[in-house]
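This briefing goes through selected features of the structure shown below, grouped by topic. Please read it with the coordinates open.

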2 protein chains.
Amino acid sequence: MAKFIEDGTRYQLDDPCIAPNSAAYLWNKKMMLHMNCRGYAVSQYMDPEPRKYTHVPNLAAQSFMQPEQPYFSHHPGRFFYLRDNQTGEMFSAPYEPMRVSLDAYAFEPGLADIRWKIEKLDIELTITLSLAANDVLELWQIRVVNVSNHLRDISLIPYFPVGYASWMNMGGQYNTELNAIVCSSVTPYQKVDDYFKNQHLKDLTFLSASRIPDYYEVSQAAFEGEGGLHNPSSLQHGGNLANGEAHYELPAAIMQFQYLLAPKASDSLRLCFGPAKDKAEIQQLNQRYLQIDEQQIKAESEDYFSQAQGCMKVNTPDQQFNHFVNNWLPRQVFYHGDSNRLTTDPQTRNYLQDAMGMVYLNPQACKKAIITALQQQKFSGEMPDGILLSEQAELKYINQVPHTDHPVWLAIVLSAYLQETNDYSLLELPLAWADQATQSSVFEHVSKAMQVLCEANDERGLPYIAQGDWCDPMNMVGYQGKGVSGWLAEAISYALQLWVPVCHKLEQTQLANQFEQHATQLNQRINQYFWDGQWYGRGITDNGVLFGVSKDVEGRIFLNAQSWALLCGAANQQQSQQMLAAIDEQLDTPFGVMMNAPAFTQMRDDVGRVTQKWPGSAENGSVYNHAAAFYAASLYANGLGERAFKVLRKMIPSNENEDLSIRGQLPVYLPNYYRGAYYQYPRTAGRSSNLFNTGTSAWFYQLLVEQLFGMRGCSEGLLVSPQLPKEWLHASAHRKFRGATFDIEFVQQALSENAIQKCISVSANVSQSTTLTISNKSTNTLLIGGFTPGEHYSLTVTLSGIETELSAQTTRAKKVEYDEH
Amino acid sequence: MAKFIEDGTRYQLDDPCIAPNSAAYLWNKKMMLHMNCRGYAVSQYMDPEPRKYTHVPNLAAQSFMQPEQPYFSHHPGRFFYLRDNQTGEMFSAPYEPMRVSLDAYAFEPGLADIRWKIEKLDIELTITLSLAANDVLELWQIRVVNVSNHLRDISLIPYFPVGYASWMNMGGQYNTELNAIVCSSVTPYQKVDDYFKNQHLKDLTFLSASRIPDYYEVSQAAFEGEGGLHNPSSLQHGGNLANGEAHYELPAAIMQFQYLLAPKASDSLRLCFGPAKDKAEIQQLNQRYLQIDEQQIKAESEDYFSQAQGCMKVNTPDQQFNHFVNNWLPRQVFYHGDSNRLTTDPQTRNYLQDAMGMVYLNPQACKKAIITALQQQKFSGEMPDGILLSEQAELKYINQVPHTDHPVWLAIVLSAYLQETNDYSLLELPLAWADQATQSSVFEHVSKAMQVLCEANDERGLPYIAQGDWCDPMNMVGYQGKGVSGWLAEAISYALQLWVPVCHKLEQTQLANQFEQHATQLNQRINQYFWDGQWYGRGITDNGVLFGVSKDVEGRIFLNAQSWALLCGAANQQQSQQMLAAIDEQLDTPFGVMMNAPAFTQMRDDVGRVTQKWPGSAENGSVYNHAAAFYAASLYANGLGERAFKVLRKMIPSNENEDLSIRGQLPVYLPNYYRGAYYQYPRTAGRSSNLFNTGTSAWFYQLLVEQLFGMRGCSEGLLVSPQLPKEWLHASAHRKFRGATFDIEFVQQALSENAIQKCISVSANVSQSTTLTISNKSTNTLLIGGFTPGEHYSLTVTLSGIETELSAQTTRAKKVEYDEH
């Protein structure tokens, strides 16, 4: 069975056929590699725009990463043929391209590497892949063990296809001096200007080795021959590679290493694979990575990934959940925050939400991102659709389409940042504007963005949607300049409500009142224009048609319109109950909550492109995890923790074969979606996109810290207000907070359903405190203040029915103040 | 052995492994299909821009057709699995994807269809593909014969992968009403405007059948399973297709037909495959093509291809040459002229040269193209880089780069048109300008274009090259505005010399003198600035460096600079001999004459992009047949017919296995290139690009008609001045000319080498003439005038040494005038 191993820092999949497209990913600041359990790979690096160094065997589109990436026999990958030279028997590792049934198979992605353990023909192969910490380079280590009792004569043949790099020029040859196969190409272009733009490009792809190969081949076709990749002609009948070259032929880096292994003997091989500008760079990389100590290289890579530490480690009765939360989720949050999804112009909303995730790993990174974003704001207050991360970068693709929601995320990320850090000085930082040198404070920048949100209204006071809000492809609701977004009205109300306390804090009372009033008005209008009797509609089209409502046959109900009505407080108790019932009935599935239902099966041209996506995929009715996380947030915000946890928990695939096989994904990241259309296309429902670029991770992590475990910052200190599932009688969390660390043990007494639904009373027992101040903020919230950075505190929080008891013990605490409010 | 069959109207390749990528092509006005002998296909249609209805399994670039297109197991194709249901044995036809060794194999492309005959497991399959004459539709007929003596239970499974059509939406299902597998997709886009632009697109791909399939599958992955395409899981162990659908999964149209065949019994199946806008269109196509008589459909398609008739049929001792010239070359010329290479903005030079080819098939088509081109000329005289063929069309890719040669081709095509038709009235036709409504005559248009050519000179009087001349990628010789083209100087001189007689004819003496003077000056300057002592340089860079000369290590000699110096008369006798020696030594190869040598192996940034193409490919030193045809033209123009014929003859692959295997192409079309770099990369030298888009075919045909057989029009009638290879003691040609037909038999007496090099005297014996007038224009040229349209004339022309005898017999001739000049 698939499982976490090595204390959850590694996963193990023991069958290549259960979830054939399941994968893991590695990255550094310059590159990303998405590695499938069977050897197929999608990799890219920044130069400065995303580029590939291995290619499909035809002229491919330059494109963002695709969901549910299809693999096929000649797709790029990294493969190892192994042949017994005495018998001619052969297999390939990890599994492709031969697909020979193996005696043992394990795909073991770790936090900083990816490993396979393969056994077949009494040969054990341990293959480990890591990335150079600071270079665009794959580092491979292959250990071969003869587990038999006789001498073995074997060939190990790494087969790394390089593919169709260019119609202008592509080829490759073995270079003796570099002991590398060097494949060259010229990035195709037709205009003179591009020649100069392209000059820095790394048009070489190389494979270098720690040992001189006995034979090699660079022509893919010569290697494969008539035999096919499942039985390459060049390896049949004991033949050896022909030391061939590729001359405007599809190149592949293929080396053949001969081993004579005594019984139980082993040998190791190191390979480097990646792009380079020229041979000098290959030489440098070889010197750096093949000639120095392996442990040092490994340590560098592990150092990088060790930054992916969240502010919390948990221990709950749900062991798989613990591993995911403690190791893999912060890793994904860090990936987003540190790599910016390997784009040079991230969408503003993505960039800000990814930064929000970094609040819980490295608040300075979040701060930097906020500053970067605000420096690109116009003096009018308008935010751009994408944030340019380098001088050469341009707004591309979707960032050329006007969206109306970007300022919303400013308030949300700033609120999170201030909550966690209490660093209100950021608000005073003067920053220039994109179109004006005048400097204004961060507070003024954000307030102006809020103003923009408040003003872009129609005659009803409802916000225009233009060509999309959070939902990019909802691009035709308002493209004629009239349509409005119900979700956006809610999001603006929510954002304003987050910003109002900040205004108060800065004693900007007039602004606070103005924003508060606008939020109140919005909530009224939301009920006036969008409430459909049982749930909220999603928007009103250019032609005045309310959609996402009961009369619609497709797209009857949209999750976001409900979640954010809960978040912004527009929905009253009765409405909330009606909405939740509708969600349960129409949107909930065993694989998560769908974003809308029924999924559109044909174009609705007053809604837009979203309705043309495949039903149940992406924004058209999938379990879109980002939206599901919003929903969980809205549930937590309304004290519905039990329900919220179920929403979150469903996002993590289980170890069970059946679930793995349906999802097609390992529980090492959150995908952007699982297929929805549960009632329309049951066969595919639950299938993962296997795309790990998603705003979900930041929200998921925030909800765990601040809601599930309820350890949220405020001006006075740390609020503790957990909403743990009732079956967790014991759970503990290790929380880093403003320089101090807290170990909190949560003890829950069996709670009646009722008790949780209403409120939890809180009490605290404190002993041996120094600077700690503990007080009740409300019946279910404790405030811990007065702690000292650098100190470590241990507390026990007890939760019970109507009267939950909260007890806290601090180590080395000298003084406790306990205030009853 | 491979050979022509059916009187040369069909070719037969009897082994799928000799030239695995060799192919044939079919087209109609709306689509083109390039079909490989093993089943792989590249197809596109116009909607109005080129689109595909089958796709590779990943997001592909929109691109022009690539030379040496690589195929791989999941590449689009049309395949037929055949399984003996009693034994489970299986093979695939034509050869892919199983690559099972067959008992009999024949790939038999015809003029109007493509056929395979396959035998294996005592089953004979005859598969025939044709295209609907007026629709975008493939028509398949599969005949299955049980050649054994016992009852057979077999499954025939057409497997037509549809591939990755769209990341937004793709899938497919079987539709009972249509008896078709219908794969749907949404062309990906992100901007609202594109939604409206895309609405007409045919986003369905369907496979319909004349019989209801017993089973079907639409999911490619479900079909293939773990078995791989060489042994699909779904067909193993006697299993049948699972009637599955594709839901945002790679779709494939796969049907399973069960046959119970008595000994020697047979059955037939018809399939339609293509794109459609909607189900109604599929229904119409089914009704049109599955429900009416097969013979009628076939006749329509044959009617279309029967337009591909040239003005000449020949019979020479070289049978393969005859078949090629009589059937396949005019077919290729017609493809170019009638389909415009399936672009909406053909490059001006291609468009005009393709039109030139049509002079010999359908002069009206040529006339129409000339008019279309001139209507897009600016009032300044400047010609655009591409000709827009529809209102929506735009200048794309290479047509956004300024080239300087376009007007040259106007004079060349008009000269050919006038020669063949004597239709000088075209010159008087008034046409508006692209930027001015004023109408000017065609003569004025062309003369103005010639003026532009005469004026874009530097201080030396040499023509600027800007960002390329005929050689598109020679884009950095003059991008700074100073570099000049030696070839262009020659081409302008030649074009002017073609235009001068036209000016005289129209009594525009002043213009004629001016152009003549400019040509004379150019020829002087060519010798002054470009002659390098043994050959002519190709150009002078922005920095004043003459290149393509003996001091260059790479790109020492360019063929075009020599050919056109011969054409324009700049080279004197001694220079000509030196050039020819240099060409023989440095450029000639067994596969043709290379365009330049040595091929560049690194960027030369004062020459440009051409130097970055793979050495020996395309314009960087391949046997670029278009340039080789120019060379042949220059040899014929200088009476070097023997040498010229060798150049032409090398362009046609032979039937010999060795040559087929090196070229990788069948002698059914001329490719745009064979790999050159003969001395640098001998392994790949001679390999065909397998691209049949090339200006070569028009020139080749013109040279055959007007030079090899020497039957060229002039104002007074038909000039006869053959330059036949000396080993052809007998040859005959059937020539249509201005409404009359001529059957000319050529008899050559053994000629001394000397005699050919110098001149051939001509004599004619005529009997029984009516309106025919035969006179000697020179010692080796006969003028036939006074003939009657609609009449048929038979003549015998005898060629001998210094005194070649030319005798002509006319049938039904009543009167002969014989003038000695």
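Leaving aside neighbours within four places in sequence, which residues is B:Phe742 in contact with? They are B:Leu718, B:Ala733, B:His734, B:Arg735, B:Phe737, B:Leu772, B:Ile784, B:Phe787, B:Tyr793 and B:Leu795, where contact means heavy atoms within 4.5 Å. This is a predicted model, in which local features need pLDDT of at least 70 and side-chain atom pairs count only at pLDDT 80 or more, while totals for chains, interfaces and linings use all residues. Residues are numbered from 1 along each chain as its sequence is written, chains are lettered from A and ligands numbered from 1 in the order in which they are written, and side-chain values use heavy atoms, with hydrogens and water left out.

**Nonpolar cores**

- The largest nonpolar core has 261 residues, and those with the most contacts inside it are B:Trp140, B:Met312, B:Phe709 and B:Phe742; such a core is a set of buried Ala, Val, Leu, Ile, Met, Phe, Trp, Tyr and Cys residues joined through side-chain atoms within 4.5 Å.
- Helix α10 (residues 486-505) of chain B gives the most to this core, with 13 residues; helices (H or I, at least four residues) and strands (E, at least two) are DSSP runs, numbered from the N terminus.
- A second, separate core comprises 246 residues and includes A:Tyr174, A:Trp470, A:Tyr494 and A:Leu724.
- In soluble globular proteins, nonpolar side chains tend to be buried together.

**Helix packing**

- Helices α12 (residues 559-568) and α13 (residues 573-586) of chain B pack at an angle of about 150°, with their axes 11 Å apart; axes are lines fitted to C-alpha atoms, for helices over the stretch in contact, and angles run from 0 to 180 degrees between N-to-C directions.
- The two helices α12(B) and α13(B) are therefore roughly antiparallel to each other, given that angles under 35 degrees count as roughly parallel, over 145 as roughly antiparallel, 65 to 115 as roughly perpendicular and the rest as oblique.
- On the α12(B) side this contact is made by B:Leu559, B:Gln562, B:Ala565 and B:Leu566, and on the α13(B) side by B:Ser576, B:Met579, B:Leu580 and B:Ile583.
- The residues of the contact of α12(B) with α13(B) divide into six nonpolar, two polar and no charged, where Ala, Val, Leu, Ile, Met, Phe, Trp, Tyr, Cys and Pro count as nonpolar, Asp, Glu, Lys and Arg as charged, and the others, Gly among them, as polar.
- In chain A, helix α6 (residues 348-358) and helix α8 (residues 406-421) pack at an angle of about 10°, with their axes 9 Å apart, which makes α6(A) roughly parallel to α8(A).
- A:Thr348, A:Arg349, A:Leu352, A:Gln353, A:Ala355 and A:Met356 of α6(A) meet A:His406, A:Trp409, A:Leu410, A:Ile412, A:Val413 and A:Ala416 of α8(A), and the residues of this contact divide into eight nonpolar, three polar and one charged.

**Buried elements and residues**

- Helix α6 (residues 348-358) of chain B is mostly covered, with 11 of its 11 residues buried; buried means under 20% relative accessible area, exposed over 50%, and partly exposed in between (1.4 Å probe, protein chains only).
- The buried residues of α6(B) pack against α5 (319-339), α7 (363-374), α8 (406-421), α14 (625-637) and α17 (696-708) of chain B, and among them are B:Arg349 and B:Asp354.
- A:Gln44 lies in strand β5 (residues 41-46) of chain A and counts as buried at 8% relative accessibility.
- A:Ile652, in the loop between α15 (641-649) and α16 (657-663) of chain A, counts as buried at 3% relative accessibility.
- The C-alpha atoms of A:Ile652 and A:Tyr669 are separated by 7.8 Å, although the two are 17 residues apart along the chain.

**Backbone geometry**

- Most residues other than glycine have a negative phi, and most peptide bonds are trans.
- A cis peptide bond with omega of about -10° joins A:Glu96 and A:Pro97, and A:Pro97 is in the loop between β8 (90-93) and β9 (104-109) of chain A.
- The peptide bond from B:Asp47 to B:Pro48 is cis, with omega near -10°, and B:Pro48 is in the loop between β5 (41-46) and β6 (50-51) of chain B.
- A:Glu507 has a positive phi near 60°, and this residue is exposed, with a relative accessible area of 67%.
- B:Arg738 has a positive phi near 45° and is partly exposed, with a relative accessible area of 23%.
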